Amino acid sequence: MGGVQRAAILGQGDFRTELKRLFGDAPQILRGSRPPVSRPRTQRTRKACRIHRRGGFGGDSGPGSVLVSQRPDLTNWPTANTEHSAGDALKLGEQAGAQTLDLEWVHLHPTGLVQEDDATAKRKVLAGESFRLAGGLLLNGSGDRFCNELGPAEHIVAEMQKNPGPFRLCLNTAATRELQWQCRSHISRRLMKCYASGRDLAEDMKIPLRKLIDVHDAHAEAFRNTLRAAEAGPWPCLNGRRSWDETSGKTGYGKCDFKHVLVGSRVADEPFHVAKVTPVILYCSGGIKINARAEVLKNDGTPVPGLYAAGESTGGIHGKRALAGNLLLDCLVFGRLAAKSACKYIFGEDDEFRPCPSQASERQQEKGHF
């Protein structure tokens with residue numbers, strides 16, 4: 001059943017009844033069943049709840065999808081999301097009365113890997129920032145650098161849209177040595193190629209070898225000048241620093257940090273690991289609005305009873321741009337908050353409806369027997 005069908009069903013009746021029909025019974029701990037226990041229990045109607053953690057909507061660009069309605073300009077872009085990231089949580093939440101926000105904030109990543117055998121595939125494997133941090137250079141179809149490889153993702157994506165492709169992520173021997181396992185894995189999946197020398201790379205790119213030599217020489221010269229007089233660079237950099245790198249400096253994001261720099265005289269005989277790359281949809285910052293207890297909120301600011309959300313299905317957590325590393329942290333923090341809130345909803349604020357004694361209660365009972 002597609003996400004649209006699942007969401008449409010919710011308009012036909014009670015929210016919890018329909019969720020049970022869609023997804024089956026909740027796990028035993030969430031059904032609120034209470035086996036007999038030795039201590040007296042307050043009786044009440046059994047409760048059930050649901051925690052949405054189905055991811056964002058960046059994996060579905062078909063008709064009626066959230067991506068098409070919110071960001072039609074990205075409909076034909078490849079994605080690093082799986083087909084499961086179809087916005088199901090958003091659709092279900094909206095039918096339950098949940099408020100959504102910032103759905104237009106979709107993160108793009110500049111280095112999705114292009115497979116040799118299927119260059120037009122909609123779903124791409126991501127080459128993370130570690131490849132550029134190790135010293136990888138981004139070259140356009142003419143063999144020129146065009147950006148600060150360590151700049152913000154939106155800067156690199158914007159410059160890619162101004163330059164001719166195909167784009168290549170090039171790692172020299174020193175950079176490759178730092179990422180040996182990843183490079184071997186990508187080569188085995190035909191996502192990366194190893195060239196025995198810069199001559200072979202230039203021939204495959206159909207550019208003169210002199211072009212590659214000049215590009216690396218200019219990059220190395222910027223590195224040398226940075227070592228000599230970092231604060232005297234003619235180009236603006238991030239955080240008020242100055243840059244000697246003309247290529248990136250002209251874009252307003254001058255490069256100030258360098259690693260595993262290769263001089264032009266070594267390019268001809270230097271082995272390279274190279275991958276063709278393209279911008280991809282990575283993450284959705286918008287989603288269902290929640291509070292500090294991970295409770296899903298209605299438009300009037302009140303919680304939807306028994307409904308919680310965590311992870312990429314939520315919005316308003318990161319702002320427009322999520323910091324690297326915070327996405328997983330978001331899942332851990334709000335996943336735990338959602339679980340604790342769900343337990344309170346089912347078991348009661350004081351655990352009076354817990355189906356079995358807690359470990360602390362069991363220890364107290366054991367002490368009473370001796």
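Which residue in β13 is the bridge partner of Leu297? Select Leu297 and look across to Pro303, its bridge partner in β13.

Before moving on, note that this is a predicted model, where local features need pLDDT of at least 70, side-chain atom pairs count only at pLDDT 80 or more, and totals for chains, interfaces and linings use all residues. Residues are numbered from 1 along each chain as its sequence is written, and side-chain values use heavy atoms, with hydrogens and water left out.

Select β12 (residues 295–297) together with β13; they pair in the antiparallel sense over two bridges. Strands here are DSSP runs (E, at least two residues), and helices are runs of H or I (at least four), numbered from the N terminus; two strands pair if DSSP finds at least two bridges between them. Five residues separate β12 and β13 in this hairpin, and Gly301 in the turn has a positive phi of about 90°.

**Stop two: the other partner.** Click Ile51 to find its bridge partner in β13, Tyr308.

**Stop three: β13 itself.** Select residues 303–309: five of the seven are buried, so strand β13 is largely enclosed by the rest of the structure. Buried means under 20% relative accessible area, exposed over 50% and partly exposed in between (1.4 Å probe, protein chains only).
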